[in-house]
Amino acid sequence: MNTIFLQIEALLGFGVEPKELTFIQISLRGIIVFCATLLMVRLSSKRSLAEKTAFDAVLIVIVALVLARAINGSAAFFPTIGAGFVLVGLHRLLGAVAYFSHGFGVLIKGKPVLLVQEGVLQYKNMRGNQISEHDLEEDMRLDAKTEDLSKIKTARLERSGEISFIKRAT
């Protein structure tokens with residue numbers, strides 16, 4: 001049994017300086033991290049991969065950075081993978097709390113901001129979110145399929161960062 005662990009250590013390059021890892025060792029580490037990450041994705045919410053909010057994007061960035069260290073050997077291999085699972089679990093826990101607490105959800109996910117109301121631009125909200133008229137017009141053409149602001153009942157900068165449009169009833 002001890003021989004098996006020694007062989008695994010040698011295959012994965014445990015105890016070796018990161019710059020001394022071989023192509024095979026980094027590849028094997030990558031395969032294991034890939035499989036572990038697939039499991040993490042299955043355990044996380046489907047929304048987290050869609051990067052619906054900054055809350056979701058932060059998970060992806062941090063897990064990617066943490067797991068990269070396991071592959072390149074700059075951090076302990078199995079504890080680093082374990083930390084990835086802990087982060088995914090924390091994301092799920094905070095997401096569940098946000099589901100039951102609107103205030104907490106706003107705190108970690110943000111809230112939509114009104115950009116157009118009854119065809120009138122809300123300059124204060126646009127300025128506060130760095131949305132120019134040109135940005136709004138571009139999204140209006142692409143998503144609402146119109147260039148006429150008077151046809152827009154409301155437009156909101158959603159928590160995801162996308163702008164949604166509700167057209168006036170014709």
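A residue counts as buried under 20% relative accessible area, as exposed over 50%, and as partly exposed in between, with a 1.4 Å probe and protein chains only. This is a predicted model, in which local features need pLDDT of at least 70, side-chain atom pairs count only at pLDDT 80 or more, and totals for chains, interfaces and linings use all residues. Residues are numbered from 1 along each chain as its sequence is written, and side-chain values use heavy atoms, with hydrogens and water left out.

**Overall form**

- The chain contains 8 helices and 4 strands; helices (H or I, at least four residues) and strands (E, at least two) are DSSP runs, numbered from the N terminus.
- Read from the N terminus, the order of elements is α-α-α-α-α-α-β-β-α-α-β-β.
- The chain is more spread out than a compact globule, because its radius of gyration is 23 Å, well over the 15 Å that the globule rule gives for 170 residues. That radius is taken over C-alpha atoms, and the rule is 2.2 Å times the number of residues to the power 0.38.
- Along the principal axes, the C-alpha atoms fill a box of roughly 75 × 35 × 25 Å.

**Burial and contacts**

- Of the 170 residues, 27% count as buried.
- Contact means heavy atoms within 4.5 Å. Among contacts between residues at least 6 apart in sequence, 51% join residues at least 24 apart.

- T80 belongs to helix 5 (residues 77–100) and is buried, with a relative accessible area of 8%.
- Apart from neighbours within four places in sequence, T80 is in contact with V66, L67, A70 and A75.
- T146 sits in the loop between helix 8 (133–144) and strand 3 (152–157), and it counts as buried at 9% relative accessibility.
- Not counting residues up to four places away in sequence, T146 touches M140, R141, K151, I152 and K167.

- Strand 3 and strand 4 (residues 163–167) run antiparallel and are joined by 5 bridges; two strands pair if DSSP finds at least two bridges between them.
- R156 stands opposite S164 in strand 4.
- The hairpin has 5 residues between the strands, and G161 takes a positive phi near 95 degrees there.
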